Amino acid sequence: MLEVLNNDWKRLLEEKMYLCVSIALTICSIVAAIVLTNTMQTKGNIAMVVTDQSANTSLSKKFSSSPYFHVSKMKKAPLESDMVQNRYDAIVTMKEDGSYNIKTIKSDDMKKMIVGALNNPDSYVPSNDKDREIGTNIMGYMMMFVLIQGLFYARFFAKDKEEHIIKRVVTSPIAFRKYLFGHATFILGMIFAPTFAVILIAKILGVAIGFSLLTYALLIAVLSILATAFALFLNSFFCVADTANMIGTATITLTTILAGSFYSFTKKESVLDKLVHLLPQKDFINYVNALEKGHLSRNIELQFIYVLVISAIFFLIAVMKTKRDYVYR
Amino acid sequence: MRNLYLITKEDLKNLVKNPMWVFYGAVFPFLFVTILGFLGKDGYGKEVTSFDYYGITLMIYSILSSGMTSANAFMEVTIQKPNMRIVYAPGSEKNIYLSKIIASFLFTFGCHLIDLMLLCGIYHMRIHAIPQILILFALTEIFSVALGVMFCCIFKTEAMANQILGVVINLLAIFGGLLFSLDGYGKVIRTISYISPAKWLVKATFGLIYDHDYSWFYPTAIGMVFAIIVVVAICNKTFRKEDCIC
């Protein structure tokens with residue numbers, strides 16, 4: 001097992017450019033995750049149209065100083081395409097007599113929230129259930145990149161298959177489990193180390209990251225295990241490295257967005273929503289969210305265990321599949 | 001010219017025959033829009049549906065991802081030996097990468113056109129100024145396809161080009177606000193997002209559809225043409241026929 005690990009490392013060092021580029025990209029994506037999280041996100045961007053100075057009442061002044069909304073005052077209503085692009089969530093037009101008119105392309109919830117804020121601007125506090133905190137956001141943003149990295153480093157296994165080196169491994173006395181486990185350890189280490197290093201540096205620089213370092217180490221480790229298991233699982237089904245790569249990137253992108261890693265979809269109690277819970281990413285992000293907010297329940301702990309179980313299943317399938325393909329009976 | 005035509009024809013055949021690429025080019029974008037559209041339905045009202053939004057943004061995302069297809073078409077294992085033959089054959093070796101760019105462009109653009117038609121037909125996606133949008137999308141398609149080939153020329157191996165391309169495309173998409181909107185993040189991020197060509201595209205396209213506004217169309221189109229020239233020039237500079245010998 002250690003030989004495989006050592007060998008992978010030497011092969012990686014042979015391609016220094018590849019190593020540098022992948023580590024640089026990892027750092028970029030995680031820095032992006034931290035930067036995006038640390039800029040404050042408001043409940044909504046609102047364009048307040050005040051055509052007439054006399055309409056500039058105390059209500060509009062109070063509303064625009066609300067901490068929950070980012071209100072930009074303007075004389076002319078913004079373009080509709082700005083609304084479609086989510087530049088503004090709603091346009092509030094103030095009239096001279098103090099009444100107002102709300103236009104939004106978003107759902108009624110958005111409208112209700114703005115009406116609530118306009119009716120009593122002083123005491124308005126929006127519901128915070130759906131909001132995530134810093135740690136959850138960072139984990140959510142970097143999830144996709146961490147998972148894709150698994151495919152990055154699984155390529156030595158893929159190359160073994162592509163160039164038929166694996167057939168020689170079969171004839172050697174090493175057990176298949178150990179051979180794959182060696183690859184797995186290598187991938188795991190290569191994902192974990194740079195990712196955690198960036199978080200560590202962020203912590204030292206004093207950036208707010210939410211969790212403690214130990215928790216981060218644990219969470220990133222679990223995510224890396226999932227990434228590793230999935231990469232090996234996928235590669236065990238294809239003999240060409242690029243096919244596995246392309247399918248893997250596509251699946252990871254689609255499922256991670258579906259799992260709501262960037263923002264959670266609001267649809268409730270539909271069949272699709274229940275199906276989404278099958279995705280390990282969804283369970284993982286749920287667990288992280290609950291952990292940060294401090295309401296862990298038995299159900300959520302089960303979801304966390306599910307992530308580990310599914311990783312184990314991926315790994316086992318990878319072992320069995322390669323065994324069936326290459327060991328003669 | 002005739003050589004280029006013949007090689008392109010063969011490359012195109014090679015692309016169409018592979019079921020995985022047909023899936024990635026045609027089925028995957030449609031699936032992506034459908035699933036996200038259904039999930040995001042509740043967040044939108046009646047005037048503009050979630051399909052109107054995701055249809056455009058995710059199609060742009062798919063168009064940017066078509067670099068993966070061209071990288072595959074260029075340096076896939078089965079295509080390496082035919083490439084080597086072309087190196088030894090009389091004629092210009094530039095045909096090797098030019099034909100890949102043209103063939104993958106024709107293939108992916110065809111796939112995406114079918115997707116767009118399906119989206120308009122099934123989900124009644126709102127669209128306007130169709131010729132201009134198609135010009136914009138076609139230019140972007142050429143750009144991303146050439147980008148895929150460029151990465152292959154620089155890194156010499158397809159696996160590496162593909163993996164790096166995957167991350168680069170995702171970063172461009174996130175900073176362009178394709179996967180989720182960045183406009184809630186304040187002014188700094190909003191300014192940063194203009195670095196990504198995806199942002200220009202989204203802005204130009206939505207401007208054309210909802211405001212009949214052409215002011216972003218011309219700069220974006222000219223910028224894309226410029227980017228294509230740069231990318232092809234880099235391909236020309238970094239492509240060495242020795243790399244095709246296996």
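This is a predicted model: local features need pLDDT of at least 70, side-chain atom pairs count only at pLDDT 80 or more; totals for chains, interfaces and linings use all residues.
Ala129(B) counts as partly exposed, with 17 C-beta neighbours inside 10 Å; a residue is buried if 20 or more other C-beta atoms lie within 10 Å of its own, exposed if 12 or fewer, and partly exposed in between, the C-beta atoms being placed from the backbone. Residues are numbered from 1 along each chain as its sequence is written, and chains are lettered from A and ligands numbered from 1 in the order in which they are written.

Ala129(B) is found in the loop between helix 6 (95-123) and helix 7 (130-155) of chain B, and although Ala129(B) is not a glycine, its phi is positive, at about 50°. In chain A, His164(A), likewise not a glycine, has a positive phi of about 60°. This histidine, His164(A), sits in the loop between helix 7 (155-162) and helix 8 (165-171) of chain A and is exposed, with 11 other C-beta atoms within 10 Å.

The secondary structure of chain A comprises 14 helices and 4 strands, where helices (H or I, at least four residues) and strands (E, at least two) are DSSP runs numbered from the N terminus. Of the 329 residues of chain A, 42% count as buried. In chain A, 4 strands form an open sheet of mixed pairing in the order 2-1-3-4, two strands being paired if DSSP finds at least two bridges between them. Strand 2 (69-74) and strand 4 (100-103) of chain A stand at the edges with a single partner strand each, so one side of each is left without a neighbour in the sheet. From one strand to the next, the twist averages 25°, with axes taken as lines fitted to C-alpha atoms, for helices over the stretch in contact, and angles running from 0 to 180 degrees between N-to-C directions. Strand 3 (residues 90-94) of chain A runs antiparallel to strand 4 of chain A and is joined to it by 4 bridges.

The contact between the chains takes 47 residues from chain A and 48 residues from chain B, two residues being in contact if their C-beta atoms, placed from the backbone, lie within 7 Å. Helix 8 of chain B gives the most to the side of chain B that touches chain A, with 11 residues.
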